[in-house]
Every structure is written in C-alpha cells, then in structure tokens.
Amino acid sequence: MRWRGLPSVRELIGRVRVAPLPEERIARAPAVPAAAPPPRPRLADQASRFVQIERDVWGCFRPQVCDAVQTALDALATAEATHARPICCGQPMRRHDCRSVQWLTWVGVVRTPVTRYRCADCRAERRPLLETLEIEPGQPSGWLARQLGLLGCVASYPLAAQLAGPLFGITVNAMTIWRAVQRLGEAAAQHTEALGAYHADPRTPAPTAAGAPDAVIVAVDGCTLGMQVRPTRRRRTPGTAPSALPAVTDGRFREVKTGVLLRPAERVETSPGRHTVVRRVLVTCLGDADALFTRVWAHLREAGWLGPQTMVVVIGDGSEWIWHRATLFVRRCEILDFWHAMEYAWAYARLQFGEGARRAEQWTRRVAEDLKAGDVQAVIARLQTLRPISAESRVALDTLIRYYTTHAARMQYDDYQRLGYGIGSGAVESAHKQVVHARLRQAGMRWSAIGARRLLALRLLLLNGEWGRADQLRLVRVAA
C-alpha cells in the first residue's frame with residue numbers, strides 16, 4: 001500500500017548518504033604541513049684555534065723537555081757511579097750488575113742505567129740511585145706521582161685514571177693511581193704520627209706562642225666507615241676474573257674520629273644570622289681517641305694557638321671518650337652540642353604528643369628557648385613534674401632528665417654565646433662530609449685499615465690547604 005504524495009522506499013534509499021568512516025574523514029581532510037624537525041646538533045669540525053695552538057706548541061716542546069730530563073738523569077747517574085760504595089755488615093758492598101731502568105714522568109718515559117750492589121755476608125741488595133730519586137721501576141715518579149695521588153684522594157681510583165688522560169696526556173690504570181696514593185699517603189701518615197709523638201713527648205720544649213689567641217675552639221665528633229671483611233687482598237692469575245667478594249653479613253664498621261680547630265676571633269658574619277670561619281684546621285684518626293687528641297695537641301702547638309692563657313673550648317656530644325680526654329687541656333671550657341641536647345627532647349615529645357603534633361613542636365620550642373637562656377636547672381625541674389602517657393615515653397623522659405643532669409655544667413649556652421664560643425658542632429659535622437663522606441663513603445665502598453689511614457692523611461693535606469708540603473714528603477715503597 002502506498003500513500004499518495006509520499007516517496008517510495010527505493011526513492012528514500014537512493015536519497016540516503018552514507019557517512020564516511022573516521023579514516024576516510026582524515027584522508028579527505030586538507031593536509032596540514034608537518035613542522036620541520038629540529039636540526040641535529042653537531043660539534044665543530046675541529047678544536048678552536050687557540051686550543052690547536054696550545055696543543056701544537058706542547059707537542060713540539062714536550063719531546064725537548066723529555067730529552068732535557070733524560071740528560072739531567074744521565075748526569076746524576078754518572079755522578080752517583082763515582083761515589084763510594086754503600087756499606088753493609090761493616091764493609092763496602094760488591095757491585096752486582098748495572099741494568100737500565102725506566103719509569104713514567106710528566107713528559108714521557110725516561111730510562112737510566114742503575115747500578116745494583118749486593119752484600120757478600122747477608123746478601124742484601126741496594127740501588128743508591130733509585131733511593132736518591134725515590135722511585136720504583138716502571139712506576140710514575142716525581143711530580144707526576146704526586147699529581148696522581150692528588151687525583152686519587154679526590155676521585156675514585158677508576159675515575160682518577162680516566163682523568164689522568166685529558167689532564168696529563170698519559171694512559172694509566174686504576175692500580176697505578178692506587179699505588180701513587182699508597183706511597184704518598186703512607187709518607188703523609190708517618191709524618192703526622194711522628195709530629196704527634198714529638199709534641200706528646202714531655203721532653204719536647206714548648207714552642208713560643210707570643211701571638212696565641214685568647215680562645216681556641218676544638219669541635220670533636222665521630223662517624224662510621226665501612227671496612228673490608230676479608231683479611232687479605234684478592235689475588236688472581238692473568239686472564240681470569242677476580243673471585244667474588246664475601247658477603248658483608250656482620251656489618252663491619254669502624255669510627256673515624258675528626259676534630260676541627262678554629263679561632264672564635266676569625267668567625268665572620270657573611271649574611272644576617274649566618275657565620276663562617278676564615279681559617280680552620282682539620283684533624284682525623286681512624287678509631288683511636290687517644291691518637292686524635294694527641295694530634296689535636298700537636299696541631300695546636302705547631303700553629304702557635306696554645307699559649308699559657310689560651311682557653312680551649314671543647315664542643316662535642318655526650319660521648320664519654322670526648323670528655324675523658326678533654327682533661328688534656330688545663331684551661332678548658334666544655335660545651336655540649338645544643339642540637340644533640342635537643343634530639344633527646346624531640347625523642348620524648350614524639351612519644352608523648354605524637355609524631356608531627358603541633359603541641360610537640362610548641363613544647364620543644366619552649367625547651368630550646370629556656371636552654372639558650374641558661375635555665376637548664378629550671379628545665380630539669382619542669383621535666384621531673386611531667387607524667388608520661390606510656391612506658392616508652394617514660395623511658396624517653398628518664399633518659400632526657402639523666403642526660404641534662406649529667407651535662408648541666410656544659411649547657412650554659414647564654415654565657416657561651418656571649419663569649420662568642422658558639423653552641424653547635426656544625427663545623428665538625430661539615431668536616432665529616434668533606435673528609436670522609438665525599439670520598440670514602442661512596443656507594444659500595446669498603447676499606448682496609450691501612451688504605452683508609454693513608455687516604456685520610458692525603459685528604460687532610462688537601463683540605464687544610466697544605467698540599468704544597470707533598471713535595472717535601474719522601475715517597476715510601478709499599479707492598480702491592
């Protein structure tokens with residue numbers, strides 16, 4: 001049936017337009033021009049002109065400098081051959097042989113004939129020329145050995161070996177850097193220990209201290225250092241991989257004790273409320289408190305900072321090893337680090353009022369204000385009236401009261417600030433980061449006692465601004 005005037009079904013189907021699919025719409029849409037990709041960054045075709053000049057001049061004169069060094073060494077070897085033979089067992093040693101020895105310098109490889117002598121009785125051997133030059137055959141020597149030691153005490157041994165190439169134009173491995181650090185570090189450690197023993201001897205005359213300051217601050221603290229768990233170094237045969245390290249199951253650590261010496265008169269205000277010191281002296285020791293204070297005493301006397309009227313201000317935390325050895329100084333002022341004292345207050349406040357509670361912050365702020373005002377006895381009396389809400393807070397409160405009572409004589413912070421002594425040990429905390437953390441506490445590092453001792457001695461030379469003394473240290477021979 002069809003209604004008049006209406007189109008038929010076929011006519012309706014013919015009038016319907018099928019909508020295009022999304023893909024067809026995109027294809028029919030006008031093309032938008034794509035943005036051009038950024039140009040690929042390119043390096044210059046060659047180095048700058050000035051860099052080329054420097055390299056060309058150094059490449060031209062480096063062989064001449066190496067020849068000059070070789071000539072001077074040959075002259076020294078000739079003069080050494082005319083000297084009298086070394087004495088051993090009460091008689092001159094016999095000439096055994098003469099062989100050519102080479103070693104690496106900052107201008108290249110040099111070689112010189114070296115005469116070896118042997119004792120007929122004890123069979124001991126000596127090579128006087130190598131002893132005079134303080135070198136080991138095949139190893140860096142002289143100025144280069146000291147520069148490689150400097151790199152090794154700043155960066156890890158593999159990284160220092162990579163830096164030696166662009167800095168000195170030589171190719172060395174990490175073991176070469178290690179040996180340079182060991183030789184130079186042993187010499188520095190021996191000198192420091194000998195200096196401490198010299199000033200600790202009661203027969204040593206006291207140095208003149210005409211310009212000794214009225215007060216010297218000695219901040220002392222300790223930090224832990226990861227130690228090796230194997231008793232000996234790993235050995236391997238050529239062409240094989242090194243054996244795996246044993247697992248660190250017992251968490252073996254040792255404490256590095258550090259002292260910072262400074263003069264209150266040299267503290268300047270760099271910005272409002274922020275003070276810094278113009279000069280400081282760092283002292284460190286691996287684990288031995290007596291040796292640390294012996295070195296502190298030696299450095300104070302060497303610097304001329306310890307006079308008859310000098311007040312030695314010792315700042316530290318509650319460790320007993322600090323206060324037991326502070327009695328070394330007759331005129332002294334003992335100060336408990338303010339922030340260590342506040343750590344005990346915070347420990348109780350968190351347990352009593354809850355972690356992050358506003359009341360805990362208000363309570364500890366009042367304790368800090370009273371302590372800085374010198375009212376330590378009033379703080380102790382107020383603490384004794386508190387009522388803890390748990391057994392844990394009771395233990396924390398008893399510890400806090402006992403800590404403040406024990407160190408009350410070292411908590412007169414109002415007097416210390418008035419005299420300009422300071423009340424915090426931030427200087428020694430910063431020293432830990434510079435001396436120990438920055439080099440010896442990188443990821444996965446474990447140290448032998450000998451290696452840590454030598455590296456610490458070198459870092460003290462650098463951070464105390466005394467690296468120039470490395471030229472005066474006589475390199476010693478160490479076992480590989």
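E361 forms a salt bridge with R365, with the closest N and O atoms 3.0 Å apart. Both residues belong to helix α11, which covers residues 358–372, and their spacing of 4 residues is about one turn of that helix. The model is a predicted one, and the distances and areas given here are computed from it. E361 is partly exposed, at a relative accessible area of 40%, and R365 is also partly exposed, at 43%.

Helix α11 takes part in another pairing. D370 and R382 meet through their side chains in a salt bridge of 2.7 Å, N to O. Because R382 lies in helix α12 (residues 376–383) and D370 in helix α11, this pair ties together parts that are 12 residues apart in sequence. D370 is buried, with a relative accessible area of 18%, whereas R382 is partly exposed at 23%.

These pairs are among the 27 salt bridges that the structure holds. Another joins the side chains of R146 and E134, at 4.0 Å from N to O. R146 sits in helix α5 (residues 142–154) and E134 in the loop between α4 (128–133) and α5, so the bridge ties together parts 12 residues apart in sequence. R146 is buried, with a relative accessible area of 8%, and E134 is buried too, at 18%. Salt bridges also link D97, R99, R116, R118 and E125 into a network.

R183 is part of helix α7, residues 174–200, and is buried at 4% relative accessibility. Apart from neighbours within four places in sequence, R183 is in contact with E134, I135, E136, P140, L475, V476 and V478. With V476 there is a specific polar approach: a polar atom of the R183 side chain lies 3.2 Å from the backbone oxygen of V476.

Beyond its neighbours within four places in sequence, T258 is in contact with A219, V220, D221, V283, T284, L292, V428, A431 and H432. The side chains of T258 and H432 are joined by a polar contact of 3.4 Å. V436 is 178 residues away from T258 along the chain, yet the C-alpha atoms of these two residues are separated by 9.4 Å.

The cysteines can be treated briefly. The count of disulfides comes to 0, where a disulfide would need a pair of cysteine sulfur atoms within 2.5 Å. C66 is buried, with a relative accessible area of 13%, and C153 is buried at 0%.

F61 lies in helix α3, residues 49–81, and is partly exposed, with a relative accessible area of 43%.

The chain as a whole gives the setting for these sites. Its secondary structure comes to 16 helices and 12 strands. Of the 480 residues in the protein chain, 40% are buried. The accessible surface comes to about 28700 Å², and carbon and sulfur atoms account for 55% of it. Among contacts between residues at least 6 apart in sequence, 67% join residues at least 24 apart.

Notes: Residues are numbered from 1 along each chain as its sequence is written. This is a predicted model: local features need pLDDT of at least 70, side-chain atom pairs count only at pLDDT 80 or more; totals for chains, interfaces and linings use all residues. Side-chain values use heavy atoms; hydrogens and water are left out. Buried means under 20% relative accessible area, exposed over 50%, partly exposed in between (1.4 Å probe, protein chains only). Helices (H or I, at least four residues) and strands (E, at least two) are DSSP runs, numbered from the N terminus. A polar contact is a pair of N or O atoms within 3.5 Å; within protein, one must be able to donate a hydrogen and the other to accept it, and residues adjacent in sequence count only if both atoms are side-chain atoms. Contact means heavy atoms within 4.5 Å. Accessible areas come from the Shrake-Rupley method with a 1.4 Å probe; for residues, only the protein chains shown count as cover.
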